[in-house]
Amino acid sequence: VKLVGDYLVFGRVRFPRAAPTAYRASTKGKPFYPVDALWFLLQKQSLKPGEYLRECTSNQMMPVSRPDQRALLAYLNGTADSSPAIDMTGATI
């Protein structure tokens, strides 16, 4: 997966980086995380919280809130089959 301009490219498939996912944020005012926020968290999962936030700021990425990170990473890394934060009713991708 690569970030190319305003798109995340998965082989021959690409999505607008700001496209909302089905993963609902627990933070008020941000109902669903964009696909680039999930991708960036996965890429930076080994960083300490402060380092992750600095990377988000310097790369103009929406940070995944600290309370959401553990369950989201478990889902993305395949150690959890699902998450209560997944809501397919608002998903566009």
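Asp 36 and Arg 17 are both buried, where buried means under 20% relative accessible area, exposed means over 50%, and partly exposed lies in between (1.4 Å probe, protein chains only). This is a predicted model, in which local features need pLDDT of at least 70 and side-chain atom pairs count only at pLDDT 80 or more, while totals for chains, interfaces and linings use all residues. Residues are numbered from 1 along each chain as its sequence is written, and side-chain values use heavy atoms, with hydrogens and water left out.

Asp 36 forms a salt bridge with Arg 17, and their closest N and O atoms are 2.9 Å apart. A salt bridge here is a side-chain nitrogen of Lys or Arg within 4 Å of a carboxyl oxygen of Asp or Glu. Asp 36 sits in helix α1 (residues 35-43) and Arg 17 in the loop between β3 (13-16) and β4 (20-24), so the pair ties together parts that are 19 residues apart in sequence. Helices (H or I, at least four residues) and strands (E, at least two) are DSSP runs, numbered from the N terminus.

Asp 87 pairs with Arg 24 in a salt bridge, the closest N and O atoms being 2.6 Å apart. Because Asp 87 lies in the segment after α3 (66-76) and Arg 24 in strand β4, this pair ties together parts that are 63 residues apart in sequence. Asp 87 is buried, at 18% relative accessible area, whereas Arg 24 is partly exposed, at 34%.
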